[in-house]
Amino acid sequence: MAARPHAPRRASPTNEPLWVRWALILAGLVFMALFLVLPLLAVFSEALRQGIGAYVQSLQSPDALSAIRLTLLVAAIAVPLNVVFGIAASWAIAKFEFKGKAFLITLIDLPFSVSPVISGLVYVLLFGTGSVLGPWLKSYGIEILFAVPGIVLATIFVTFPFVARELIPLMQDQGTGDEEAALSLGASGWQTFWRVTLPNIKWGLLYGVLLCNARAMGEFGAVAVVSGKIRGQTTTMPLQVEMFYNEYQGTAAFALASLLALLALVTLVLKSALEWRFGDELAATGRGH
Amino acid sequence: MEVRVQNVRKEFDRFPALHDVSLDIVSGELIALLGPSGSGKTTLLRLIAGLERPTAGRIFFGDEDASEKSVQERNIGFVFQHYALFRHMTILENVSFGLKVRPRSTRPPAGEIRRRALELLDLVQLSGLEKRYPNQLSGGQRQRVALARALAIEPRVLLLDEPFGALDAQVRRELRKWLREIHERTGHTTIFVTHDQEEALELADRLCVMSQGRIEQVGTPDSVYDSPTSPFVFGFIGESSELAVNVERGDIWLGDRPIGIAAGDNQGPARLFFRPHDIELVEGDAALAGVVASSRRVGGTRRVELELGGAGHRVEIDLPFDHPAGERSRIAFRPKRWQLFPA
């Protein structure tokens, strides 16, 4: 028998010629190198330009130390609060039916769609000298604007959606069956939450916390508006980087920036590790901010 | 534990899911809530469990009014269609969960909890698997774990929501037999929801047939099968054929021909129901006669679809697969047992 003249060709939907494929891959790589790797390298090389000694020393200046401390403090307050809020919101949205649910979901997304500068300005308007709240609080000795509380508030606002956005689709996907089973077995609401709901969402939660933390430490715009940039008091790491830079302290600026870049890299690695290890337990949607 | 459902109504967003349902469940019986989807059977089960609150009406466990009690207080065992096992706990931890979450005053000591959980795993024939996780078990095994978990809290009533719905046919049959055995050994009052009439007929002491948020008929499987009280029940339980007929002068007429079976006193249009296998072949005019429209063998029987008269009535009858009439193109028959409902 002769060779089949019409052997069915397995036509792949992506069967571009080799050179097209490589050209596309190359374009992608060049783009990434130019816009991601190069800047990152620049940060580290600038930071280490005057040697490791100068690098370490510049990180030990009082301004840098105070900025690091403030950033850690703000993240330590903002992240746990947003974890509690995020779990509560996604619990309510995923496990209960109520009116205005779609509106609430939209509201949670609001910080993503508002420019961080506006987010900061909102607090200036709320607590500034021209507002009602600001002077009233001031009469009790409570400073919000140009002080740590303002920075915390602005950070909470900006990082508000991260945990909730990660948990809502995950919890919706898991449904209420496990909780009903726990309740029918006599568990109280709290027992059900701690022993059933929380273990079911722990990896998704960790993922959300990671993203939330990275943003909380790195936020510039909103914090810049409310902080007043008082040296050694209300400057977070990103703000301090800018101040150093404007004062032509290149090494100091890039050393501090390299810490932030490192944080980003660690987050990225952990995030990838989580996705790789627990991909099926993380929500399929709502990822990638 | 005897369960009484009294005039219960349930609405979801003002859409009624149950209309004024009353049902008495005898202590120790195995009763099936049977109906198509949307009939309200699962809603009724969840109301008894306390997972939903009735819009109106009361539910009694024995003499005690359970209507206002929470799920936890009702002390029921609930088995879900999709198992709802806790995926991060081992099988043993799943089964002991209900005992571990008890308040300290009523919680048995740890050793006792473990012993009871292992005992239950033995009862559901899963000894040796206690260290596994739910995703390492087959569907049938998971559902048995779910049952052991529900039994661990010594429930007053056992409630099962389509317990075998997610399993394949063979496993279903095995588990059915096995559930019956467990029921006989433990003697729990058991209510289970199913849309599978075969399952209900085989397993239950009594059936509660539901449709569109109402109870259609309650009775033993035999009584429901043999004397359905409504066209719905006749059509839903077992195979059935239906004909639109007329009752006149004590006879049943199909079009302009009497069909040779006598009716009672009712007059006017009616719906005639009979079982396809409950017929006899006859010769002569006073019968239902029709042209064979299709004929196919289903296992040990031959199902013949007949076209009766010119009005396009089609009915199905069953013949033994090797019956000579199966070769004919025209068949006359008469239902041996039938039921008339006003049209």
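**Briefing: chains A and B of a predicted model**

In this predicted model, 17 residues of chain B are in contact with 14 residues of chain A (contact: C-beta atoms, placed from the backbone, within 7 Å). Local features need pLDDT of at least 70 and side-chain atom pairs count only at pLDDT 80 or more, while totals for chains, interfaces and linings use all residues. Residues are numbered from 1 along each chain as its sequence is written, and chains are lettered from A in the order in which they are written.

**Side of chain B that touches chain A**

- Helix H2 (71-74), strand E6 (76-79) and helix H3 (91-100) of chain B each supply at least two residues of the side that touches chain A. Helices (H or I, at least four residues) and strands (E, at least two) are DSSP runs, numbered from the N terminus.
- By class, this side of chain B has eleven nonpolar, four polar and two charged residues. Ala, Val, Leu, Ile, Met, Phe, Trp, Tyr, Cys and Pro count as nonpolar, Asp, Glu, Lys and Arg as charged, and the others, Gly among them, as polar.

**Chain A overall**

- Chain A has 13 helices and zero strands.
- The radius of gyration of chain A is 24 Å, whereas a compact globule of 289 residues would have one near 19 Å. This radius is taken over C-alpha atoms, and the globule rule is 2.2 Å times the number of residues to the power 0.38.
- Along the principal axes, the C-alpha atoms of chain A fill a box of roughly 95 × 60 × 35 Å.
- Of the 289 residues of chain A, 35% count as buried. A residue is buried if 20 or more other C-beta atoms lie within 10 Å of its own, exposed if 12 or fewer, and partly exposed in between, with C-beta atoms placed from the backbone.
- Among contacts in chain A between residues at least 6 apart in sequence, 76% join residues at least 24 apart.

**Domains of chain A**

- Chain A is divided into domain 1 (16-47) and domain 2 (51-281); the bounds come from an automatic or database domain assignment.
- The centres of domain 1 and domain 2 of chain A, taken over C-alpha atoms, are separated by 30 Å.
- Five residues of domain 1 of chain A are in contact with eight residues of domain 2 of chain A. On the domain 1 side there are four nonpolar, no polar and one charged residues.

**Six-stranded sheet of chain B**

- Six strands of chain B form an open sheet in the order E6-E7-E8-E3-E9-E10, with mixed pairing. Two strands pair if DSSP finds at least two bridges between them.
- E6 and strand E10 (214-219) of chain B are the edge strands, each pairing on one side only.
- From one strand to the next, the twist averages 15°. Axes are lines fitted to C-alpha atoms, for helices over the stretch in contact, and angles run from 0 to 180 degrees between N-to-C directions.
- Strand E7 (residues 157-161) and strand E8 (residues 189-194) of chain B run parallel and are joined by five bridges. B:Asp161 has B:Val193 in E8(B) as its bridge partner.

**Five-stranded sheet of chain B**

- An open sheet of five strands in chain B has the order E15-E19-E16-E17-E18, with antiparallel pairing.
- Its edge strands, E15 (279-281) and E18 (313-320) of chain B, each pair on one side only. The twist here averages 45° from one strand to the next.
- E15(B) pairs with strand E19 (residues 330-335) of chain B over three bridges, in the antiparallel sense. B:Leu281 stands opposite B:Phe333 in E19(B).

- In strand E11 (residues 241-248) of chain B, B:Ser241, B:Leu243, B:Val245 and B:Val247 point to one face and are buried.
- E11(B) pairs with strand E14 (residues 268-274) of chain B in the antiparallel sense over seven bridges, with B:Val245 opposite B:Ala270.
- Three bridges join E11(B) to the antiparallel strand E12 (residues 251-254) of chain B, and B:Glu248 stands opposite B:Asp251.
- E11(B) and E12(B) form a hairpin with two residues between them, and B:Arg249 in the turn has a positive phi of about 45°.

**Positive phi at non-glycine residues**

- A:Tyr248 has a positive phi of about 60° and lies in the loop between helix H12 (237-246) and helix H13 (250-278) of chain A. A:Tyr248 counts as exposed because it has 8 C-beta neighbours inside 10 Å.
- B:Asp20, in strand E2 (residues 15-25) of chain B, has a positive phi of about 40°. B:Asp20 counts as partly exposed because it has 14 C-beta neighbours inside 10 Å.

Note on methods. Contact = placed C-beta atoms within 7 Å.
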